[in-house]
Amino acid sequence: MSITELRVVRESDIVTIKGWFEDAEVQRRLEGMQPLSEWYNYVASKEDYQVWTALDENKQPIGIVMVEQESNYVGYIALVVNPILRGKGYGKALVKKVMSLPSTQSIKKWIANIETDNIACLKCFESVGYSFENSIPDEDGYYSLIYISN
């Protein structure tokens, strides 16, 4: 398990990501990203929204990670791991890698909003030091997990 490169998402990555959306879990969790071409145009036009594609040693896409930075040193993070690679630690590695990038060092409070039933994702973020901001989910059924960096 190795992420050898994080590169800015490209329009050509949409084909790969679209394939991941054939997985019912990805579709259910991230249907708001569709249609992907519109999502790509949106994120490509936003200066405060960064999306990276993670690649392995064979230059194969492992996942994508999205970070939306606010002006008050807050960053919202979300990720998608290639469904065939679930449960192998790639999500954890991806979160760690993006949080260590020079372009994310201005973020002092990281926030991941995760559905209450997405146990794997909750455990992923907890494993890298995120904690529950509140003990109960919000009105939409999401927990906010936070990480405060120095």
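The points below start with the basis of the model, then take the pocket, and then turn to the charged pairs.

1. This is a predicted model, in which local features need pLDDT of at least 70 and side-chain atom pairs count only at pLDDT 80 or more, whereas totals for chains, interfaces and linings use all residues. Residues are numbered from 1 along each chain as its sequence is written, and side-chain values use heavy atoms, with hydrogens and water left out.

2. The largest pocket has a volume of about 1,200 Å³. A pocket here is an open set of points on a 1 Å grid over the protein atoms alone, where a 1.4 Å probe fits, with protein on both sides within 12 Å along at least five of seven lines; the volume is the space filled by probe spheres set on the points, which are joined across faces, edges and corners.

3. The lining of this largest pocket, meaning residues with an atom within 4 Å of a point, comprises 45 residues, and L30, A78, L79, N118 and C121 lie nearest the centre. Two or more lining residues come from each of α2 (24-30), α3 (36-45), β3 (61-69), β4 (74-81), α4 (90-99), β5 (109-115) and α5 (119-127), where helices (H or I, at least four residues) and strands (E, at least two) are DSSP runs numbered from the N terminus. By class, the lining has 25 nonpolar, eight polar and 12 charged residues, with Ala, Val, Leu, Ile, Met, Phe, Trp, Tyr, Cys and Pro counted as nonpolar, Asp, Glu, Lys and Arg as charged, and the others, Gly among them, as polar.

4. The structure holds nine salt bridges, each a side-chain nitrogen of Lys or Arg within 4 Å of a carboxyl oxygen of Asp or Glu. One of them pairs R86 with D23, with the closest N and O atoms 2.4 Å apart; R86 sits in the loop between β4 and α4, and D23 in the loop between α1 (14-20) and α2, 63 residues apart. R86 is partly exposed at 38% relative accessibility (buried means under 20% relative accessible area, exposed over 50%, partly exposed in between, with a 1.4 Å probe and protein chains only), and D23 is likewise partly exposed, at 21%.

5. D117 forms a salt bridge with R29, the closest N and O atoms being 2.7 Å apart; D117 lies in the loop between β5 and α5 and R29 in helix α2, so the pair ties together parts 88 residues apart in sequence. Salt bridges that share partners join E25, R28, R29, E115 and D117 into one network. R29 is buried at 14% relative accessibility, while D117 is partly exposed at 41%.
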